[in-house]
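Before reading on, please take a moment to look over the sequence and the fold together. The paragraphs below then take you through a few parts in turn.

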Amino acid sequence: MNTKVTYLKFIVVTLFIVWTFLIVSILINWFSQEHRHAERLAFKEATVSIKKDLAYRSWVTSHGGVYVPITEHTQPNPYLAHIPNRDIKTENGQGLTLINPAYAIKQTMKNYSELYGTKGRIVSNTPLNPDNKADKWESDSLNIIEGTKTPHHEIHPIDGQDHMRLIIPLFTEEGCLKCHGHQGYSVGDVRGGISASIALTPYYASAVSRLKASLPYVVVVWLIGVATILLGYWRTRRYISEKIANYEQHIFSIVDMIESRDSYTAGHTKRVGEYASLIAKQMGFRNRAIDKLYRASMVHDVGKISTPDSILLKPGKLTPLERKIIQQHVVTSYQMLKRVDIFQGIAEIVRHHHEQYDGNGYPQGLKGEQLPMLSQIMSVADAFDAMTTDRVYKGRKTIQSALEELQHLAGKQFNAEVVKAAQVALKDIASPKSNQLPVNEIEKERFAYFYKDQLTGAYNRDYLNNMLLLNSDKQSEAPYNCINLILLTNFTQYNKEQGWESGNRILIDVTQSLIVSFPHALIFRIHGDDFIVLHKQHYPIEGKLGPIDTLLEGTGISHDTLHVNIKEESIGSVDKLDNWLILNANEQSKHVHDRLIANQ
């Protein structure tokens, strides 16, 4: 899950960055457009201003100039002194002076520019009036428009502030020759230009103001996008979590199915997960790695689903072929997990948890640093749980003795560093409670595959042997301690006279009678016609075999009994039990003693 969530977070962060970048890009583009719009407005303003001046100039030019009264502010133009009749008087003696187009426009721009905020003037590289001499920008622009015959504009600073500067060419008209003909101009020549400058600061300020007014709406759009991304993330993560939970539920159901098949290892995977997590934490692993290890531990035996019951449930030692078959569960687990993308991260951990540090493990025989560290931790946890839980064929070790065994195998089967951490992490855990006996009818039937007499349904000699082995192990809790031996007398003779089928019927009926009479005991058939009733506590059965007496009435078969409490004895096998019973029978019944000798 961590891998998928990490990838999902990467996608979300990427979307967040892309969305933010997109919004910022839109803002930047918007600002750029507003900036250019401000410049276009300034350009239009300059164009309108100049065209107004050109219209005024054309009107003045079409009249060959205009005469205006001579005043303090309008004195005769000294640059028109060469023109006859520059100055005239009216009949009433009013003095008038000739105003040419350039002078008229200059006066207008000087006196009324504040009305429309445009700085304009007529300029020329060869001015008649020195005041009309072009500045550096205007001179360069005039040189350009002399060739292009078209207006020229650009943003250029004036007194440290950006201005939109526009210059439109002035073409020589017929009326212009009156004042400028002596300069060598002909009609159609570019005689100069009208220049206008518009300060851009107010336009830029207006653009910024519009952006600020719109910014809250942009922020709302950005927040809606972010909310949509987060909502998508939460929904997708929930979907992934549900999908993973479903996958894990299926896998854990399989694990539960395996553990329900094998009652001796019930709870094994959970304990291995807990032990492995404690060891990993002691070694300083982060929570993510510990979680990964725990999940791997929970499914490490999932491949046992393909292991035949005859091998998985076998309570004794496995043959070489059986061991080879059961070892295949590791490969099966790996193949099952790697096909599911959410388990691919833990498949390798599971694959190597039966490898050994010295290279003697399986399935690949890896060793040392070739082994994933999490696999090595699981290996120690798995072995520790096996040591500290009961099996039908062996008792469990104490926590301390199991840790000592791990220490003995450090550097051989196990990584010494992992064993060192386990000594600290596992020393104070409680010894797990386990039951080596079947606890329900289904388990009893599976149990019967190995341990029940095929004829009578009683437990057989092999199971008795294991029970005695557990009884002799002082580290295990011996669950049954009281033996009642029942020996059928004259059964062989009955068998010969009545036939095997009748004899078998007697054995079956006696077994069923014992099962009914002693429901809390274990019933064993040994030596053909002998039975053992095994109780947990002291329980003599003499005088309680009435149903069997009734059953055997008229058959010529009788029974002898021997009651023995073996709680304090160390009898580890049926053979030892036979010898032990002979000794006790010698003390209690010479007849039973002789019968036991005969059975040997």
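Predicted model: local features only at pLDDT ≥ 70, side-chain atom pairs only at ≥ 80, totals over all residues.

Residues are numbered from 1 along each chain as its sequence is written, and side-chain values use heavy atoms, with hydrogens and water left out. Helices (H or I, at least four residues) and strands (E, at least two) are DSSP runs, numbered from the N terminus.

Two packed helices are described by the angle between their axes and the distance between the axes. For helix 6 (residues 268–282) and helix 7 (residues 287–298), the axes come within 8 Å and cross at roughly 155°; here axes are lines fitted to C-alpha atoms, for helices over the stretch in contact, and angles run from 0 to 180 degrees between N-to-C directions. Helix 6 and helix 7 are therefore roughly antiparallel to each other, a term used for angles over 145 degrees. The residues that make the contact (heavy atoms within 4.5 Å) include Val 272, Gly 273 and Ala 276 of helix 6, and Ile 290, Leu 293 and Tyr 294 of helix 7. Sorted by class, this contact of helix 6 with helix 7 has 7 nonpolar, 4 polar and 3 charged residues, where Ala, Val, Leu, Ile, Met, Phe, Trp, Tyr, Cys and Pro count as nonpolar, Asp, Glu, Lys and Arg as charged, and the others, Gly among them, as polar.

Turn next to the sheets. Strands of a sheet pair through backbone hydrogen bonds, either parallel or antiparallel. An open sheet of 3 strands has the order 1-3-2, with antiparallel pairing; two strands pair if DSSP finds at least two bridges between them. Strand 1 (66–69) and strand 2 (87–89) stand at the edges with a single partner strand each, so one side of each has no neighbour in the sheet. Strand 2 is joined to strand 3 (residues 95–99) by 3 bridges in the antiparallel sense, and within this pairing Ile 88 has Leu 96 as its bridge partner.

Another open sheet has 4 strands in the order 9-10-8-11, again with antiparallel pairing. At its edges are strand 9 (522–526) and strand 11 (558–565), each of which pairs on one side only. Strand 9 and strand 10 (residues 530–535) run antiparallel and are joined by 5 bridges; Phe 524 has Ile 532 as its bridge partner in strand 10, and Arg 525 has Phe 531. Helix 17 (residues 500–517) packs on this sheet and touches strand 8 (482–489), strand 9 and strand 10.

In a regular strand the side chains alternate between the two faces of the sheet. In strand 9, Leu 522, Phe 524 and Ile 526 point one way while Ile 523 and Arg 525 point the other way, and all are buried, meaning under 20% relative accessible area with a 1.4 Å probe and protein chains only.

Finally, where is Gly 503 placed? Gly 503 lies in helix 17, and Gly 503 is buried, with a relative accessible area of 0%. Leaving aside its neighbours within four places in sequence, Gly 503 is in contact with Phe 491, Tyr 494 and Asn 495. The C-alpha atoms of Gly 503 and Phe 491 are separated by 7.5 Å, and these residues are 12 residues apart along the chain.

Technical notes
Parallel < 35°, antiparallel > 145°, perpendicular 65-115°, else oblique. Buried < 20%, exposed > 50% of the residue type's maximum accessible area, 1.4 Å probe, protein only.
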